[in-house]
Each structure stands twice: as C-alpha cells, then as structure tokens.
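My notes follow the structure.

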Amino acid sequence: MPDYERAAADRPLASVRRQGRFHPSRFCSKRPPVIAAGSRETLHQPPRHLLAMEGMHPPQIAALLDLAESYALLNRSGKTKRDLLRGQTLINLFFEDSTRTRTSFELAGKRLGADVINMSVSTSSVNKGETLLDTASTLNAMNCDLLVVRHDQSGAPALLAQKVDAAVINAGDGTHEHPTQALLDALTIRRHRGRLEGLVVAICGDVLHSRVARSNIHLLTTMNSRVRVVGPPTLIPSSIAALGVEIFHDMRAGLAGADVVMMLRLQRERMVGGLVPSAREYFRFFGLDAAKLANAKPDALVMHPGPMNRGVEIDSAVADDPQRSVIREQVEMGVAVRMAVLDTLSRGHGRNEP
Ligand code: CP
C-alpha cells in the first residue's frame, strides 16, 4: 500500500462523510478509487476520479479513447473553444516539475471553458510547512471542481480524493501511475494501427522507477496487447512479471518483431545507488538507435513520454525521424485525452459527444 494510502487508512472518516460523497468501499479498498475500477459500484455510478489505469475495463478505456479521438479531430479543425466546463474551476497542483502534463491540462481545461489555476508549489505555503492535507482542505474551501495532482509520493492523489469534493486526476504519483499518459499513448498507437489488441509493445529502459510503464502495462494488457519490458536487471523488477508481461534483458531479443517501441527516461533523480554504470554504457546496450530499432517490425512506431535524455535512452536520429517517431503526436494527443477525461469527470457520467 502506498505511504499516503496507509496514512489515510488511519484517519477519522468524519470529514469525508460530511462531504456527502463517501463510499465505504472506496475508503476500504486497497486499490485507489479510479474513474471506473470495475466494481459494480463504479461501473454503474458516475466516475468521480481518475487515479489509476489498474482496474479499468476495456469498454471504459475504449470509451475514453473514442471521446479523445473526437477531441483530437476537433483540435485539428481549429474549433477548440467550447463551454462545457464554463463556471467550473480546474486547479493544477503540481508538486513535481512538468512541461507536457501541466500545460496540456491547462489547455484542455481552457478549451472546454473552465477557469484554470496553476498553483505553483514553489511559491505556495507548502514551503512554510503546510501539509498536503491542509493544502487540500484550503483548495476544497474554494470550491474547486477538478483537481489535477502530481506528487512524488505514490498514493498522494488517492489520499486527496478522499479529502476533497473535487474530482481528482492523478497527473503522476511517485513510481505508481500516470494514467493520462497511458491513455494518450494508447490513442496514438490506435490512430496508427487501428487497434491495440494483438500488438507487440516493447517498453524499454528504466521500468523500475516508471509510473508511465506501470500505467501502460495495465492499459495495454487490459486491451490484450502483448507487452514486453526490456532493460538491465537492475532496472526491471522481477515482480513485474505478475502484471502479465514478458521480461527481456537484451534489446535485440526484446525488440524482435515489435509493433511499438516505447522508450522510457532514465530517472537518475529516483535512483538510490548506482543502478547503471554510466550514461555512455547504458546507451550502448539499451539506448534506441537505428541498429537496435532494425530488430523491430519495419514500420514499428517509436514512442517516448518525454522529457527525453537524448544520447542516453534514445538517439536523436531515431527520436526525430518523422517516418518512425510519433513522439510529437503523443504530445498532441495529450491535450485531446485530457479534454476527454475532464469532460467525462465533470459530467459525472459516461460518453459525451463533443
Ligand atoms: N510525460 C510527462 O509526464 O511529461 P512532463 O513531466 O513534462 O509532464
């Protein structure tokens, strides 16, 4: 159980009950409450939060992707101003750095007509010792409708979801999950391949520290893709096999016949001790270059969630190859996916036509 969930489990429930949105099953569940966790309760009730891909069902994922596809088309047509979220307030609460996720949630919220506030934690009262829960309580008093949270502690968004009235969206928590990243990755793949089922997806690199990998594994295996994880033994936890993936420690074997090659950032800031000898040696064995990519299918897609370490996990020539790389399209799809998520959560029920 993530640290914050454990802490939450020991706290009195009165404040949550007072808010009138208390579900015993949500509080007692070992899984965080998600947009639709697959329980009877969440399948047939309006989704409240998006905290994880784990537990989501294929139709729920497909519905979000369909809606996101509609928004992608709308965004490309230039008709992006809508008033679906007029009068609603979205707060971006980022305790960790972000370029793509924060900006795309801001764009998504504004394109749907919401009032968007970017809370800068570096200049907030968190620096004066305010706790996460006190910050949440303060935001709650301001009647925020949608709270987008990034935090370095796994489980922090799940804890906030129990404490605030707003719909909470996990924008990346520690090494746990980054659900909207997995959704935008899936949308990008589906746009190019027309499906997710049966595709061989190789997720390569620092799987150990990657919330992106975990969310992608949950989504892709749920949608019946065949997922491989590829990397040095120090960066691939053996327990990951329990999620239904194949493990490879050699790029040639791991990429053989792959439809999609998804590279991960080497997360040095999360590493304790020397898990890789040097960036140079890492690139030699596990960095994606044209020679290693030649083992995948000739039309294999190259993906990276960003930010990229060029020359460490990916060669610039591959990252910038318009014939193979869909990295820029991933960023574009990020806005569409986040519009679909905000739309779905704000309405509190299933699919809406944009
Ligand atoms: N992929 C991703 O989460 O990027 P940011 O850290 O820039 O948001």
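**Ligand site**

I started with the backbone of Arg100, where an N or O atom lies 2.9 Å from an oxygen atom of the ligand. I kept in mind that this is a predicted model.

Next I looked at side chains. Arg150 places a side-chain N or O atom 2.8 Å from a ligand oxygen. For Gln181, I noted a side-chain N or O atom at 3.1 Å from a nitrogen atom of the ligand. I then checked the cover: on its own the ligand has 250 Å² of accessible area, and the protein covers 92% of it.

Which residues are around the ligand? I listed Ser98, Thr99, Arg100, Thr101, Arg150, His178, Gln181, Pro305 and Gly306. I sorted this shell by class and got six polar residues, two charged and one nonpolar.

**The pocket**

Where does the ligand sit? I found that the space it takes is the largest pocket. I noted about 440 Å³ of space there.

How many residues line the largest pocket? I recorded 22. Nearest the pocket's centre I found Arg150, Arg211, Arg265, Gly306 and Pro307.

Last, I looked up which helices take part. Both α6 (100-111) and α10 (211-222) supply at least two residues each to the lining of the largest pocket.

Note on methods: Residues are numbered from 1 along each chain as its sequence is written. This is a predicted model: local features need pLDDT of at least 70, side-chain atom pairs count only at pLDDT 80 or more; totals for chains, interfaces and linings use all residues. Side-chain values use heavy atoms; hydrogens and water are left out. A residue is near a molecule or strand if one of its heavy atoms lies within 4 Å of it. A polar contact is a pair of N or O atoms within 3.5 Å; within protein, one must be able to donate a hydrogen and the other to accept it, and residues adjacent in sequence count only if both atoms are side-chain atoms. Accessible areas come from the Shrake-Rupley method with a 1.4 Å probe; for residues, only the protein chains shown count as cover. On a 1 Å grid over the protein atoms alone, a cavity is a set of points where a 1.4 Å probe fits but cannot get out, and a pocket is an open set with protein on both sides within 12 Å along at least five of seven lines; lining residues have an atom within 4 Å of a point. A molecule sits in a cavity or pocket if more than half of its atoms lie within 2 Å of its grid points. Ala, Val, Leu, Ile, Met, Phe, Trp, Tyr, Cys and Pro count as nonpolar, Asp, Glu, Lys and Arg as charged, and the others, Gly among them, as polar. Grid points are joined across faces, edges and corners, and a volume is the space filled by probe spheres set on the points. Helices (H or I, at least four residues) and strands (E, at least two) are DSSP runs, numbered from the N terminus.
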